[in-house]
Amino acid sequence: MHCPFCQHLDTRVIDSRVSDDGATIRRRRVCEACGERFSTLETIELKLPLIIKSDGRREAFDARKLRSGFDRALQKRPVAEEQIEAAVRAVVHHLRMTAERELDSRRVGEYVMAELRKLDHVAYVRFASVYRAFEDVADFREVLDRLEHDNATEGQLALIEDEPPPTKSRKR
């Protein structure tokens with residue numbers, strides 16, 4: 001590795017540490033010529049599939065775009081940063097596991113929706129409304145009904161409370 005200070009060709013590793021998530025190694029190095037110290041990060045480089053957009057264009061996968069999609073959907077929602085990072089990693093993991101060279105952007109969107117559904121139902125509905133281009137309130141109602149049904153089978157609380165039954169007033 002070249003020294004970033006003097007461009008000398010030889011540097012020596014003096015310390016290596018694996019990151020918390022196990023995906024990167026941080027190496028502390030020293031230049032043999034000038035003695036300056038610096039750090040490098042070593043990551044696994046796996047080729048992710050090209051994303052085929054709805055108009056037919058092909059783009060390289062961009063994790064920043066994925067993260068910004070999560071951020072927009074989760075804006076002002078009580079979800080921890082670590083949970084968001086884990087969800088992004090899960091989507092990237094799905095992409096790696098497909099072992100395909102090209103992948104339709106719709107599949108990426110489905111992976112994102114699955115992760116958002118686990119994190120926050122409001123964010124899930126927000127993302128779904130844009131992703132599926134909801135036209136009217138009926139489209140929202142359909143997604144909410146599906147969430148309600150799934151939550152009822154999982155024993156979770158209802159998303160929308162039903163109206164309380166009307167109270168009967170007795171005349172005396």
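**Note on the sheet and helices of a predicted model**

1. Strand β4, residues 50-52, is joined to β6 by three bridges, and the two strands run parallel. The model is a predicted one.

2. The pairing of β4 and β6 belongs to an open sheet of three strands. Strands of a sheet pair through backbone hydrogen bonds, and the pairing may be parallel or antiparallel. Here the order is β5-β4-β6 and the pairing is mixed. Which strands are at the edges? They are β5 (58-59) and β6 (102-104), each of which pairs on one side only.

3. Helix α3 covers residues 105-119 and lies across β4 and β6. Its direction is at about 65° to that of β6.

4. Two further helices should be read together. A pair of packed helices is described by the angle between their axes and by the distance between those axes. For α1 (residues 63-73) and α2 (residues 81-98), the angle is about 135° and the axes are 10 Å apart.

5. Sorted by class, the contact of α1 with α2 holds seven nonpolar and four charged residues, with no polar ones.

How values were computed
Residues numbered from 1 in each chain as written. Predicted model: local features only at pLDDT ≥ 70, side-chain atom pairs only at ≥ 80, totals over all residues. Heavy atoms only, no water. Axes fitted to C-alpha atoms, helices over the stretch in contact; angles between N-to-C directions. Helix = DSSP H or I, 4+ residues; strand = E, 2+ residues; numbered from the N terminus. Nonpolar A, V, L, I, M, F, W, Y, C, P; charged D, E, K, R; others polar. Pairing = 2+ DSSP bridges. Contact = heavy atoms within 4.5 Å.
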